[in-house]
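User: Please examine the charged side-chain pairs of the model shown here.

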Amino acid sequence: MSEAKTQGILSHLRELRKRLIWCVIGLVITTSVSFFFADQIIDILKAPVSYLQFQWIEITEGFSTYMRLSFMMGIIGAMPIIMYNFLMFIMPALTSREKR
């Protein structure tokens with residue numbers, strides 16, 4: 001039997017924790033980068049309707065819009081990291097037939 005099949009529950013939880021930490025690190029980095037470029041991203045999204053102007057109804061709505069946009073772009077940017085870590089966590093449990 002291989003080492004992966006003889007691991008206990010605690011080693012699986014440690015592996016899951018390690019993979020989740022890498023996913024969160026990737027998400028924080030990509031969200032930070034997209035927050036830095038939020039103005040350019042909003043300009044790109046507003047380009048099809050150039051006459052559109054934002055109106056902020058609440059005091060914090062402008063900031064929360066930038067944060068939501070940055071978080072969504074961060075998720076999109078971190079998706080390769082998230083998928084890689086998901087696959088690396090799942091792959092040892094699959095048989096050779098399932099891996100094909």
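Analyst: Buried means under 20% relative accessible area, exposed over 50%, and partly exposed in between (1.4 Å probe, protein chains only). This is a predicted model, in which local features need pLDDT of at least 70 and side-chain atom pairs count only at pLDDT 80 or more, while totals for chains, interfaces and linings use all residues. Residues are numbered from 1 along each chain as its sequence is written, and side-chain values use heavy atoms, with hydrogens and water left out.

User: How many salt bridges does the structure hold?

Analyst: A salt bridge is a side-chain nitrogen of Lys or Arg within 4 Å of a carboxyl oxygen of Asp or Glu. E15 pairs in this way with K18, and R19 pairs with E15. The number of salt bridges in the structure is two.

User: What is the N to O distance between R19 and E15?

Analyst: Helices are DSSP runs (H or I, at least four residues), numbered from the N terminus. R19 and E15 are four residues apart in helix α1, so about one helical turn separates them. Their side chains meet in a salt bridge, with an N to O distance of 2.9 Å.

User: Is R19 buried or exposed?

Analyst: R19 is linked with E15 and K18 in a network of salt bridges. K18 is partly exposed at 40% relative accessibility, and E15 is partly exposed at 24%. R19 has a relative accessible area of 15%, so R19 is buried.

How values were computed: Helices (H or I, at least four residues) and strands (E, at least two) are DSSP runs, numbered from the N terminus.
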